[in-house]
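Please read this briefing alongside the sequence and the 3D view.

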There are 2 protein chains.
Amino acid sequence: MKKKIEFRSQCPISTALDIFGDKWTLLVIRDLLFNGKRTYGEFLESEEKIATNILADRLSILEMAGIISKKKHPDSNAKILYNLTAKGIDLIPVLIEIIAWSEKYHDVHPYAKKFAKQLHKDKEKVVRQLFENFTKK
Amino acid sequence: MKKKIEFRSQCPISTALDIFGDKWTLLVIRDLLFNGKRTYGEFLESEEKIATNILADRLSILEMAGIISKKKHPDSNAKILYNLTAKGIDLIPVLIEIIAWSEKYHDVHPYAKKFAKQLHKDKEKVVRQLFENFTKK
DNA sequence: CTGTATCCTTAGGGATACTG
DNA sequence: CAGTATCCCTAAGGATACAG
């Protein structure tokens, strides 16, 4: 099930939306970034309940776009580990700003409020720490 | 054609995606923020060629979400002017980060590259100026 | 456990005509 | 000019079974 991404224009916003402009893709990236999830099964468990076919589709798009990479789990052959590439890690500031905006105007989980508070205090630091988490691996 | 937004969870990312997680909504906001567009007809002209029914749908969602507001054009009765609310203006950092990411990894318009260069030099300043543009009106 | 495949329903969306 | 309405088709997505 291979399909290439069609870009509607050379506008950077439009280009980004052609990759992750849907209701699911950024949730997978969220799980990788903030929830330490790495495997197919873990993504399926998230509370928004993504369907298995949609997950497989989005993972293949993300891999094609160079945002995630796959490798075998050291223990089991069947198990696969997904990881963010540098391009994926660079989405941290985008996610951070979405969280900050959303928390300001909507009712969100308590832990999200707490996280937003940290952001408000020292955004630079939070972003730097997130980057460090992923680049030292 | 009124429909309310269904939120899948209280995750801030998920909540944001429930509002603008599609291929068109952020393009309308882009046009308001960066291209000075204010009317229905102007949105229709954008190069990605949004369909008239989709545009009407997204405008009503954005209004319902409190991101844009409508008012009559001073000259003509029929003409309507759309404007960003404070909640809409607060999406500036989100759009800015998307532009920065997209420009880094994809082929974009020359003027987008130029804009990204400014961002790279002094992001704070660019953001501040964008905010000022909208809050003084 | 990681996907694929299938079936089926709904939502998204393009084209176009039309109304106030 | 700002929408609505309609037609129609495709894509998205949920449920479930199944294959490697």
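This is a predicted model: local features need pLDDT of at least 70, side-chain atom pairs count only at pLDDT 80 or more; totals for chains, interfaces and linings use all residues.

Residues are numbered from 1 along each chain as its sequence is written, chains are lettered from A and ligands numbered from 1 in the order in which they are written, and side-chain values use heavy atoms, with hydrogens and water left out.

**Relation of the chains**

**Helix contacts between the chains**

- Helices are DSSP runs (H or I, at least four residues), numbered from the N terminus.
- Helix 6 (residues 92–105) of chain A and helix 1 (residues 12–20) of chain B have axes that come within 8 Å and cross at roughly 85°; axes are lines fitted to C-alpha atoms, for helices over the stretch in contact, and angles run from 0 to 180 degrees between N-to-C directions.
- Helix 6 of chain A is therefore roughly perpendicular to helix 1 of chain B, a term for angles of 65 to 115 degrees.
- On the chain A side, A:Leu95, A:Ile98, A:Ile99, A:Trp101 and A:Ser102 of helix 6 meet B:Pro12, B:Ile13, B:Thr15, B:Ala16, B:Ile19 and B:Phe20 of helix 1 of chain B, where contact means heavy atoms within 4.5 Å.
- The residues of this contact between helix 6 of chain A and helix 1 of chain B comprise nine nonpolar, two polar and no charged; Ala, Val, Leu, Ile, Met, Phe, Trp, Tyr, Cys and Pro count as nonpolar, Asp, Glu, Lys and Arg as charged, and the others, Gly among them, as polar.
- The axes of helix 1 (residues 12–20) of chain A and helix 6 (residues 92–105) of chain B also come within 8 Å, crossing at roughly 85°.
- That makes helix 1 of chain A roughly perpendicular to helix 6 of chain B.

**Burial and cysteines**

- Nine of the ten residues of helix 2 (residues 25–34) of chain A are buried, meaning under 20% relative accessible area, with exposed over 50% and partly exposed in between (1.4 Å probe, protein chains only).
- Among the buried residues of helix 2 of chain A are A:Arg30 and A:Asp31.
- A:Cys11 is buried, at a relative accessible area of 6%, and B:Cys11 is buried, also at 6%.
- Over all chains there are zero disulfides, a disulfide being a pair of cysteine sulfur atoms within 2.5 Å.

**Backbone and single residues**

- Most residues other than glycine have a negative phi.
- A:Lys49 has a positive phi near 60° and lies in the loop between helix 3 (40–45) and helix 4 (52–64) of chain A.
- A:Lys49 counts as exposed because its relative accessibility is 55%.
- B:Lys49 has a positive phi of about 60° and is exposed, with a relative accessible area of 55%.
- A:Gly36, which follows helix 2 of chain A, has a positive phi near 60°.
- A:Asn133, in helix 7 (residues 110–135) of chain A, is partly exposed at 36% relative accessible area.

Methods. Helices (H or I, at least four residues) and strands (E, at least two) are DSSP runs, numbered from the N terminus. Angles under 35 degrees count as roughly parallel, over 145 as roughly antiparallel, 65 to 115 as roughly perpendicular and the rest as oblique.
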